[in-house]
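Open the model in your viewer and keep the sequence panel beside it. We will go from stop to stop, selecting as we go.

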Amino acid sequence: MQLRKAIMDDAGFILDMRNDEKTRENSFNKDIISFDSHIKWFEKKLSDPNCRMLIMMDGEARVGSIRLDITGDNGEFGEISYMIAPDKRGKGYGKEILSLICDYVSSEEECNSVKVLAGFVKQENKASIRCFTENGFAELVAGDINCFLKTVRK
């Protein structure tokens, strides 16, 4: 399995995952996203120098996506948001995509400012919580939101 950079041809794949009922249930924004607004957002994210949009590939098959938004005064934080295709859930891809993003951030020159990865998960999303904890992220709980942190570079 590997990550590759997302391209415009991936927009429909990502929108389909995002509008899936289970994905929306676990999202902070539960609204269905229109194609037009998604395309505008996706183009903006692809051109944003502080965003990495990546697709997880299992051979030739797309199985998920992960976005890394680089923030902080010196770009030291990387906020993670990921989705696994509905027909690929329950097969270990969530755990794998988080492992791959940790490796990606540690090895890619374009991410060399990122020192800490963060992910935010609704407390009822047990599968995602398990994926983060099994990848060595520290867990902080604030109300019904779990924050996961992992240092990837000193």
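**Stop 1: Arg 18**

Select Arg 18, which lies in helix H1. Helices here are DSSP runs of H or I with at least four residues, strands are runs of E with at least two, and both are numbered from the N terminus. This is a predicted model, in which local features need pLDDT of at least 70, side-chain atom pairs count only at pLDDT 80 or more, and totals for chains, interfaces and linings use all residues. Residues are numbered from 1 along each chain as its sequence is written, and side-chain values use heavy atoms, with hydrogens and water left out.

Is Arg 18 buried or exposed? Arg 18 counts as buried, because its relative accessibility is 14%. Buried means under 20% relative accessible area, exposed means over 50%, and partly exposed is in between (1.4 Å probe, protein chains only).

Now show what Arg 18 touches. Contact means heavy atoms within 4.5 Å. Not counting residues up to four places away in sequence, Arg 18 touches Thr 23, Arg 24, Ser 27, Asn 29, Lys 30, Asp 31, Ile 33 and Met 83. Pick out Ile 33: Arg 18 and Ile 33 are 15 residues apart in sequence, and their C-alpha atoms are 7.8 Å apart in space.

**Stop 2: Ser 27**

Move to Ser 27, in the loop between H2 and H3. Ser 27 has 16% relative accessibility, so it counts as buried. Leaving aside neighbours within four places in sequence, Ser 27 is in contact with Arg 18 and Lys 122. Ser 27 and Asn 125 are 98 residues apart in sequence, yet 9.3 Å apart from C-alpha to C-alpha.

**Stop 3: helix H1 and its surroundings**

Go back and select the whole of H1, residues 11-19. How many residues of H1 are buried? Seven of the nine are, so H1 is largely enclosed by the rest of the structure. Colour the buried ones: Ala 11, Phe 13, Ile 14, Leu 15, Met 17, Arg 18 and Asn 19. They pack against helix H2 (21-26), H3, strand E2 (51-58), strand E3 (61-71) and strand E4 (77-84).

Axes are lines fitted to C-alpha atoms, for helices over the stretch in contact, and angles run from 0 to 180 degrees between N-to-C directions. Angles under 35 degrees count as roughly parallel, over 145 as roughly antiparallel, 65 to 115 as roughly perpendicular, and the rest as oblique.

H1 brings Ala 11, Ile 14 and Leu 15, while H3 brings Phe 35, His 38, Ile 39 and Phe 42. By class, the contact of H1 with H3 has six nonpolar residues, one polar and no charged. Here Ala, Val, Leu, Ile, Met, Phe, Trp, Tyr, Cys and Pro count as nonpolar, Asp, Glu, Lys and Arg as charged, and the others, Gly among them, as polar.

**Stop 4: H4 against H5**

Select H4 and helix H5 (residues 126-134), whose axes come within 9 Å and cross at roughly 40°. H4 and H5 are therefore oblique to each other. In this contact, find Gly 94, Lys 95 and Leu 98 of H4, then Cys 131, Phe 132 and Glu 134 of H5. The contact of H4 with H5 has three nonpolar, one polar and two charged residues.

**Stop 5: the cysteines**

Which disulfides turn up? A search of the whole structure finds zero. A disulfide is a pair of cysteine sulfur atoms within 2.5 Å. Cys 131 is in no disulfide, and the nearest cysteine sulfur, in Cys 102, is 12 Å away.

Zoom in on Cys 111, in the loop between helix H4 (93-107) and strand E5 (116-122). Cys 111 is buried, with a relative accessible area of 0%. Beyond four places in sequence, Cys 111 touches Arg 52, Leu 68, Tyr 104, Val 105 and Arg 153.

**Last stop: Gly 59**

Finish at Gly 59, in the loop between E2 and E3. Gly 59 is exposed, with a relative accessible area of 54%.
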